[in-house]
Amino acid sequence: MKKIYIPFMLVLGMVSCKQGSELPAIAPDIITEKTPNDTDDPAIWVNPDDASKSIVFGTDKETNGGIYAFDLNGKIIQEKSIKNIQRPNNVDLEYGFQLNDSVAVDVIAFTEREKQQIRLFSVPDMKPLDDGGFPVFEDESNMEQRLAMGISLYKSPKDSSLYAIVGRKIGPSGSYLYQYKFESDSMGISANLVRKFGSFTGGKEIEAIAVDNEMGYVYYSDEGECVKKYYAEPSMGNEELACFGGEHFLEDIEGIAIARYPNGEGYIIVSDQQRGQFNIFSRKDNSFIKAVNLSTTETDGCDVVTVPLNDTFPNGLFAAMNDQKDFYFYDLKKALGLK
């Protein structure tokens, strides 16, 4: 899909980080219908033919969980939802995965924690591409270290290879994250381990992962420490490039969304879970810009697109999990705290 960018750059003012209750609450434009159990993480698919028919996929985290599809009015699209998934945790989306020389499909990938695996489905026809799932962390003898949680997809600008970067409930420093390459041939699709990386300070966990394809970076939340930054391309090595933002969070550093604009401009938006707000950092240099209170509670996951979708979301869409079995949708300009 060809990316469409907003024809102007949103510029944020500097604001000091305060308790969420002290910041003015910004109401959502849309609150979705509720899921049966416990919402966690969204991923936004932009329909290339009609952006007003875009879909927000959101995980419902329980043994009888699922990936629920929402239209832009927050209504569940039952025929696009995936049910009876054993504790799906995080979900991500990518465009144009090459199945063969002539066919490419958009895909969502999500973790299925209780089966220690990841799943891969085509979008928008929602067909499974994984023959029931790809096992992860298979070389770990400790079953707790195989409980998949976070996931983010990376499409390499070098050769269009598609990767999944996967985290788990617990894991060792230096190899907390595993990176798998999806490969398609006449036998089907496989997910092959190509890399282990990711430092961890201990104490809490790593769940939120987000990849900036254009800039070539992967970010993840070391929940009790900082947002960490590495190269997403496996051949670039495992050097930690940055550890930033920790001083701006009350307790858990959670969901990460990357608002991308041309020339490397944009924002990294991270949930300050217990404070009930989001901290916004520069995409270019990772410096802190401001905090906003979007009126969600205990937010785990979030996602963002910077393309206009419809009259409700003319500046793009920011979607965030709310701790009432639903998701909040905001026009991106509003979510960034702009008039």
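Q: Let's start with C226: buried or exposed?
A: C226 counts as buried, because its relative accessibility is 2%, and the cut-off for buried is under 20%. Keep in mind that this is a predicted model.

Q: And what does C226 form with C243?
A: The two form a disulfide, with their sulfur atoms 1.9 Å apart. In general, a disulfide is a covalent bond between the sulfur atoms of two cysteines.

Q: Which strands do C226 and C243 lie in?
A: C226 is in strand β16 (residues 226-231) and C243 is in strand β17 (residues 242-244), so the pair ties together parts that are 17 residues apart in sequence.

Q: Which hand does the link of C226 and C243 have?
A: It is left-handed, with -105° about the S-S bond.

Q: How does C243 count, by accessibility?
A: C243 counts as partly exposed, because its relative accessibility is 38%.

Q: How many disulfides does the count come to?
A: The count comes to one disulfide.

Q: OK, new topic. How many salt bridges are there?
A: The count comes to 17 salt bridges. As background, side chains of opposite charge can pair when their charged atoms come close.

Q: Which residue does R119 form a salt bridge with?
A: R119 pairs with D130, and their closest N and O atoms are 2.6 Å apart. This pair links distant parts of the chain: R119 sits in strand β8, while D130 sits in the loop between β8 and β9, 11 residues apart.

Q: Are those two, R119 and D130, buried or exposed?
A: Both R119 and D130 are buried.

Q: What about D222, which residue does it pair with?
A: D222 makes a salt bridge with K228, where the closest N and O atoms are 3.0 Å apart. D222 and K228 are both buried.

Q: And which residue does R275 meet in a salt bridge?
A: R275 meets D272, at 3.1 Å from N to O. R275 counts as buried because its relative accessibility is 16%, and D272 counts as buried because its value is 0%.

Q: Which residues are linked in a network of salt bridges?
A: D212, E214, R260 and R283 are linked that way.

Q: You mentioned β8 and β9. What order do the strands of their sheet follow?
A: Four strands form an open sheet in the order β6-β7-β8-β9, with antiparallel pairing. β6 (88-98) and β9 (134-135) stand at the edges with a single partner strand each, so one side of each has no neighbour in the sheet.

Q: Over how many bridges do β8 and β9 pair?
A: Strand β8 (residues 117-123) and β9 pair over two bridges, in the antiparallel sense. In that pairing, I118 stands opposite F134 in β9.

Q: Last topic: how many residues are in the largest nonpolar core?
A: That core has 34 residues, and F57, I82, I108, F110, L309, L317 and F329 are those with the most contacts inside it. Strand β4 (residues 65-70) gives the most to this core, with four residues.

Q: Which residues does L309 touch?
A: Leaving out residues up to four places away in sequence, L309 touches V46, A51, S52, S54, L72 and L317.

Terms used:
Residues are numbered from 1 along each chain as its sequence is written. This is a predicted model: local features need pLDDT of at least 70, side-chain atom pairs count only at pLDDT 80 or more; totals for chains, interfaces and linings use all residues. Side-chain values use heavy atoms; hydrogens and water are left out. Two strands pair if DSSP finds at least two bridges between them. A nonpolar core is a set of buried Ala, Val, Leu, Ile, Met, Phe, Trp, Tyr and Cys residues joined through side-chain atoms within 4.5 Å. Buried means under 20% relative accessible area, exposed over 50%, partly exposed in between (1.4 Å probe, protein chains only). Contact means heavy atoms within 4.5 Å. A salt bridge is a side-chain nitrogen of Lys or Arg within 4 Å of a carboxyl oxygen of Asp or Glu. A disulfide is a pair of cysteine sulfur atoms within 2.5 Å.
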